[in-house]
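Keep the viewer open as you read.

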Amino acid sequence: MSSLTSTSTTTGARAAGTGRLPQLFKGMAWLVWRQHRAAFWTVLGASALAVAYIVFQRSQVYIGGYSTTSTGLRLVPILLGVFLGAPLFAGDLENGTARLVAAQSVSRTRWLTTKLALTSVVVVVSTVALSAAFGWWFDLYQSEVTAAEWIFEYNFNTTGPVPVALALLSVLGGAAIGLVLRRTLAAMAVTLAFTVAVQLVWSHLLLSLGNVLTLTTSKGVTAEYPAQVLPTGAYRTGGASYITGDGKLLGIGTCADAQTERATELCLRKADVVGWSIDYLPMSQMTGMQWFGASILLALTAAVTAFLFLWGGKRPV
Amino acid sequence: MHAGESAIEAHALGMRYRRGWALKDCSFRLPAGRICGLVGPNGAGKTTLLSIAARVLEPTQGTLSVFGAAPGSADSGRTAFLAQDKPLFRRFTVAETLRLGRELNPGWDQRTAEDVVRAGDVPLDARIGSLSGGLRSRVALALALGKRPDLLLLDEPMADLDPVARQEVMGTLLADTAERGTTLLMSTHVLAELENVCDYLVVLSGGEVRLAGDVEELLSVHTVVTGAKEGEDLPASLAQHSLVESRVSGRQFTALIRSEGPAAGRWETDSPNLEELLIAYLRSPGAAPLITPTAQARAYDTRTVAA
C-alpha cells in the first residue's frame with residue numbers, strides 16, 4: 001500500500017515507535033493496547049515483581065512475608081476491578097472517545113470484544129503467574145501442623161484457579177458497572193463495593209463448596225481426642241460430638257456435671273457413649289473445592305459478559 | 001456524477017430522549033454530491049440527526065438510510081463523522097491518532113490525512129492534549145477526511161476556531177470534498193458560514209424539518225416585500241401568498257412571502273438572501289414547512305421497510 005510507505009518516509013521512526021509490538025497488534029487490538037498500555041504494563045510489571053519476590057523468599061525456605069504477600073494477593077481482584085475494570089468503558093464513555101471509535105469503520109461488538117479480550121488476557125496471565133508462584137510457596141507448608149489452614153482465605157483464595165476466577169469476575173463486573181454508569185469515578189466507587197461484596201459472599205460460601213465428611217471412633221472418648229484421630233490437614237467444620245452405641249449424637253456437655261473422673265466414666269457408660277463423631281473437610285478436597293468454586297465464579301463472569309454485550313451493543317455511545 | 005443518487009434519505013425519523021422528543025417525524029432527502037448546511041437554533045435536533053446518520057445513535061422511530069444501504073446495517077466505511085466536541089485520545093500523539101484511522105478504516109488515505117495536518121503546522125509527534133483547540137479540530141478533521149468518506153457529517157466544525165483558522169479549515173475541507181464529489185452535511189448556527197459555501201439546506205427547529213432543498217430554489221420561491229401599511233395591517237392582496245414572517249416599523253412593513261404567482265402591487269419586491277430566509281423561518285415557528293421536490297424522501301423501498 002502506497003499510503004503505508006508514505007507514512008514510513010514522512011513520520012519516520014516516530015510513527016513506527018508508537019506501537020511497540022507492531023506485528024502482534026493490528027486494527028482494534030492495536031488501539032486497545034495503545035490506549036490501555038500504561039495500565040496493562042503496570043499490571044504485568046507488578047505481577048512479575050511479586051512473582052520474583054515469592055520465588056526468592058521460597059528459595060530461602062523462609063516463611064517471612066508469607067501472610068503479608070497473601071494479603072496483598074487477596075487484594076489483587078479488588079484492585080484490578082477498580083483500576084482496570086471500572087474505567088475500561090466508563091473512561092471512553094465519559095470523555096467521548098467511545099464516539100470517536102464508533103465513527104470508524106468497525107462494529108460496536110468488535111470494540112467490546114477486543115477490549116474485554118485483551119484485558120482478560122492481561123488479567124489471566126498475571127493472576128495465573130501469581131497463583132502458580134504462591135501455590136509453590138504454599139506447598140512447603142501444607143504438610144506442617146498448621147496445614148488445616150488450607151481452608152482459610154489466605155491460602156485458599158491465593159492458589160489454584162480461585163485468584164484467576166475472582167479477578168476475572170471483579171474486572172468484568174467493574175467493566176459492566178462502568179458501561180452502565182458512564183462515569184469513571186462513580187464506576188470505581190461502585191466497583192469497590194461490588195468487589196468487596198464478592199469477597200465477603202465468597203468467604204461465606206467457601207465451606208459449603210466441599211463435601212463434609214464425618215469421622216466416628218469407637219475407643220471411647222477419654223482415650224483419644226478429636227485432634228489426634230483426624231488426618232493431617234483436616235479442617236473441623238463444627239464441634240465434636242459423642243456418639244452412642246446405637247448411633248445417636250450427644251453434646252460433649254452430656255456428663256459435664258459429674259464431679260469426679262469415675263463419675264464421668266459411669267455417666268458416659270450409662271449414656272452408652274462409645275466414641276467421637278467429628279465433621280471435617282479433608283485437605284484432599286482442596287483442589288476439588290477450588291475448581292468447583294472457580295467454576296461458579298466463571299459462570300457468573302460469563303453471565304456478566306453476556307450482559308456487557310447485550311447492554312453495550314444497544315445503548316448509544 | 002451522482003445524478004439521482006441519495007446520500008441520505010430520512011423517513012419519519014424520530015428520536016426520544018428521557019427529556020422528550022429531539023426529532024419528530026423528520027422526512028427529507030439529501031442528494032449525493034451536495035454541500036448541505038444543517039441549520040437550527042440550539043436544541044433543534046441537529047446533533048441527534050447527525051449522530052443517527054453516523055450510526056452512533058439508533059432512532060426511536062423511522063429510518064435513515066445512507067446511500068441506499070439498509071438502515072441499521074453496519075458502517076460501510078462510506079461515512080465519516082466529526083462530532084461537536086471532537087473527541088480524541090488526549091495521550092496519543094498526532095501520528096498515533098492518524099494511525100488509529102489507518103488501523104480502523106480499510107479505505108484509509110494516509111497522504112490526505114497528513115496533508116490536512118501539515119497544512120495547519122501541527123507537529124506529528126505532539127500529544128493531542130498539548131494542542132490548542134484549533135489544532136485539535138484540524139487533527140479531528142484529518143481523521144475524518146483520511147477515511148475517504150462519500151458522506152462527511154460535521155457537527156459545528158468551526159465552533160472553536162478563530163476566524164483565520166476557520167477560513168483555512170473551510171478551504172481545506174471544500175477543496176478536498178470538491179475534488180472527490182463528497183457529500184457534506186454540516187451543522188452550524190453561524191449563518192455567515194453558509195453563504196457561498198452551501199448549495200443545499202436543511203433547517204431544523206424544535207425537532208422538525210422546516211426547510212429543505214436546493215439553496216437557489218429555496219431563495220427563488222421566496223420574495224421580500226416592502227411597502228406601506230394599509231391601516232393597521234398588511235395589504236389584503238398579500239394574503240394570496242403564504243406569509244412566512246412580517247415586521248412593521250412605522251408606516252412600513254417588510255414581509256417574507258412564499259410567492260404563489262406574481263407578487264405585483266404597490267410595494268417593492270426583492271429576492272431574499274440566505275440569512276434573511278433562515279431568520280424568517282426560525283423566527284416564525286407557525287409558518288408551513290417547505291420541502292422542495294428534490295428534498296422529498298422517496299416512496300418507501302420494500303427492502304428498507306423490512307429491515
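## The core

A nonpolar core here means a set of buried Ala, Val, Leu, Ile, Met, Phe, Trp, Tyr and Cys residues joined through C-beta atoms within 7 Å. Buried, in turn, takes 20 or more other C-beta atoms within 10 Å of a residue's own; 12 or fewer makes it exposed, anything in between is partly exposed, and the C-beta atoms are placed from the backbone. This is a predicted model, where local features need pLDDT of at least 70, side-chain atom pairs count only at pLDDT 80 or more, and totals for chains, interfaces and linings use all residues. Residues are numbered from 1 along each chain as its sequence is written, while chains are lettered from A and ligands numbered from 1 in the order in which they are written.

The largest nonpolar core has 166 residues, and those with the most contacts inside it are Cys36(B), Ala53(B), Val139(B), Leu153(B), Leu185(B) and Leu201(B). Helix H8 (residues 162–181) of chain A gives the most to this core, with 14 residues. As for naming, helices (H or I, at least four residues) and strands (E, at least two) are DSSP runs, numbered from the N terminus.

What does Leu185(B) touch, leaving aside its neighbours within four places in sequence? Among its contacts are Ile8(B), Leu30(B), Cys36(B), Ala53(B) and Leu153(B), with contact meaning C-beta atoms, placed from the backbone, within 7 Å.

## Chain A

Chain A has twelve helices and five strands, and 38% of its 317 residues count as buried. It is divided into domain 1 (26–208 + 285–314) and domain 2 (213–283), bounds that come from an automatic or database domain assignment. Over C-alpha atoms, the centres of these two domains of chain A are 44 Å apart.

Ala303(A) sits in helix H12 (residues 286–314) of chain A. It's partly exposed because 13 other C-beta atoms lie within 10 Å. Leu169(A) is 134 residues away from Ala303(A) in sequence, yet 9.8 Å away in space, C-alpha to C-alpha.

## Buried pieces of chain B

Take strand S6 (residues 151–155) of chain B: five of its five residues are buried. Leu151(B), Leu153(B) and Asp155(B) cover one side, with Leu152(B) and Leu154(B) on the other. S6(B) pairs in the parallel sense with strand S5 (residues 79–82) of chain B over four bridges, where pairing needs at least two bridges found by DSSP. Thr79(B) has Leu151(B) as its bridge partner.

Helix H2 (residues 94–104) of chain B is largely enclosed by the rest of the structure, because eleven of its eleven residues are buried.

## The open sheet

Further along chain B, an open sheet of four strands has the order S11-S12-S10-S13, with antiparallel pairing. Strands S11 (242–249) and S13 (267–270) of chain B stand at the edges with a single partner strand each, so one side of each has no neighbour in the sheet. Strand S10 (residues 222–228) of chain B and S13(B) pair over four bridges in the antiparallel sense, with Trp267(B) the bridge partner of Gly227(B).

Notes. Two residues are in contact if their C-beta atoms, placed from the backbone, lie within 7 Å.
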